[in-house]
Amino acid sequence: MSLDRSDVEQIAHLARLQIDAADIDGYSQSLNSILSLVDQMQATNTEGVEPLAHPLDAVQRLRRDEVTEPNQREALQAVAPAVEDGLFLVPKVIE
């Protein structure tokens with residue numbers, strides 16, 4: 001697939017982008033090289049290749065789940081404008 005000047009102008013219009021007329025040929029070349037790379041990638045045989053979330057077999061280091069602060073609910077709710085059953089009441093914003 002190859003994009004010409006009118007294709008780039010149409011894409012820019014649909015994306016609501018204003019580009020200078022002098023830059024259209026450069027954008028056309030860049031987009032064509034990107035599409036060429038996508039074609040090359042699609043032509044690659046991926047049969048038997050497992051999908052990856054990350055190319056490295058890395059393990060996420062997690063911290064221990066420990067309580068580090070005391071429970072201050074009563075103190076914080078004492079100054080709240082509206083509280084009910086231990087919950088903060090807020091104005092309804094979605095109908």
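**A walk through four residues**

Set aside the neighbours within four places in sequence, and Asn 32 is in contact with Met 1, Ser 2 and Leu 3. The model shown here is predicted. Asn 32 sits in helix H2. One of its partners can be looked at in detail. A polar atom of the Asn 32 side chain lies 2.6 Å from the backbone nitrogen of Leu 3. Is Asn 32 buried or exposed? Its relative accessibility is 19%, so Asn 32 counts as buried. The cut-off for buried is under 20%.

Now move to helix H1. This helix covers residues 5–14, and Asp 7 is part of it. Asp 7 has 31% relative accessibility and therefore counts as partly exposed. Look next at Ile 24. Along the chain, Asp 7 and Ile 24 are 17 residues apart. Their C-alpha atoms are separated by 9.8 Å.

Follow the chain into the loop between H1 and helix H2, which spans 24–43. Arg 16 lies in this loop. Its backbone deserves a look. Arg 16 is not a glycine, yet its phi is positive, at about 55°. Arg 16 counts as exposed because its relative accessibility is 66%.

The last stop is another loop. Where does Asp 85 lie? It is found between strand S1 (83–84) and strand S2 (87–88), in the loop that links them. Asp 85 is a residue other than glycine, and its phi is positive too, near 55°. The relative accessible area of Asp 85 is 73%, so this residue is exposed. For exposed, the cut-off is over 50%.

Terms used:
Residues numbered from 1 in each chain as written. Predicted model: local features only at pLDDT ≥ 70, side-chain atom pairs only at ≥ 80, totals over all residues. Heavy atoms only, no water. Helix = DSSP H or I, 4+ residues; strand = E, 2+ residues; numbered from the N terminus. Buried < 20%, exposed > 50% of the residue type's maximum accessible area, 1.4 Å probe, protein only. Polar contact = N/O pair within 3.5 Å; in protein donor to acceptor, adjacent residues only side chain to side chain. Contact = heavy atoms within 4.5 Å.
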